[in-house]
Amino acid sequence: AYLRQSARDFGMSLEPEESVEMQALPDVLRPYQADGVRWMWKLSELKMGGILADDMGLGKTIQTLTFIQARGGRALVVCPSSLVFNWAAEAQKWFPDLKVALHAGSKRGELPQVDLVITSYAILRIDSEKFNAAEFDIAVLDEAQQIKNPDSKAAKAARALESENRLVLTGTPIENRLLDVWSLMAYAMPGILGDRKYFRDSFDRRKDTLSQTRLTARLR
């Protein structure tokens, strides 16, 4: 209710809207994918982060690349090492005008000044100081269950990133324990679920049978 009232105070709707930048979406996008791009755009307007939790194979990559192209600015994608070249290939396939660089391998210099930097979680950990000193307009974590342990070096390096818009891509936002989703949201939208102690105390279904309903409402 607070968020909706805040949105009304600023004359904004929480529903996806067609903006000038969003009118020319690629014809290849399916309707639900176009809705996903509009949702990302609305999050960016509200200065919010979020989790795109589509199942595997439903096109999280093309939705994200479409948003990056439309939003403009400098973007970062962090993904497993096995997917670095796939992201680069998809970017070249759908948006050949997008300037893309890989920050990977043993011969890494400073972070390149391009539209989209693609790196892996391993390199994010190793070069955390370089990434901490950089600023991005969009920072995306793909297969973000990689940071489900909030105490891991990858999770800490991700939370330290400076970015105006933060997005999480994962088909499994909760794998083994409820704390998984806290870790994802601690990156995507710090503070929205409180600190770890507050989260555990407030959303323990053993103590409160309605806790998952409240958590779902908070995330929505």
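**View 1. Phenylalanine 199 in the predicted model.** In this predicted model, Phe199 is buried, with a relative accessible area of 3%. That value counts as buried because the cut-off is under 20%. Phe199 is also among the residues with the most contacts inside the largest nonpolar core.

View 2. Three aromatic pairs turn up in a search of the whole structure. Tyr198 and Phe203 form an edge-to-face pair: ring centres lie 6.5 Å apart, with planes at 85°. The rings of Phe199 and Phe203 are tilted, at 50°, with centres 5.3 Å apart. Ring pairs join Tyr198, Phe199 and Phe203 into a cluster.

**View 3. The largest nonpolar core.** This core holds 33 residues. Phe131, Leu141, Ile147, Tyr187 and Phe199 have the most contacts inside it. Two or more residues come from each of strand S2 (75-79), helix H5 (121-126), strand S5 (135-142), helix H7 (153-159) and helix H8 (179-188). H8 gives the most, with eight residues.

**View 4. The surroundings of Leu141.** Residues up to four places away in sequence are not counted here. Leu141 then touches Val78, Tyr121, Ile147, Ala158, Leu167, Val168, Leu169 and Tyr187. Ile147 and Tyr187 are, like Leu141, among the residues with the most contacts inside the largest core.

**View 5. Another nonpolar core.** A core of 27 residues lies apart from the largest one. Its members include Trp41, Met48, Ile62 and Ile138.

Methods: Residues are numbered from 1 along each chain as its sequence is written. This is a predicted model: local features need pLDDT of at least 70, side-chain atom pairs count only at pLDDT 80 or more; totals for chains, interfaces and linings use all residues. Side-chain values use heavy atoms; hydrogens and water are left out. A nonpolar core is a set of buried Ala, Val, Leu, Ile, Met, Phe, Trp, Tyr and Cys residues joined through side-chain atoms within 4.5 Å. Buried means under 20% relative accessible area, exposed over 50%, partly exposed in between (1.4 Å probe, protein chains only). Helices (H or I, at least four residues) and strands (E, at least two) are DSSP runs, numbered from the N terminus. Contact means heavy atoms within 4.5 Å. Rings of Phe, Tyr and Trp (its six-membered ring) pair if their centres lie within 6.5 Å; planes under 30 degrees apart count as stacked, over 60 as edge-to-face and the rest as tilted.
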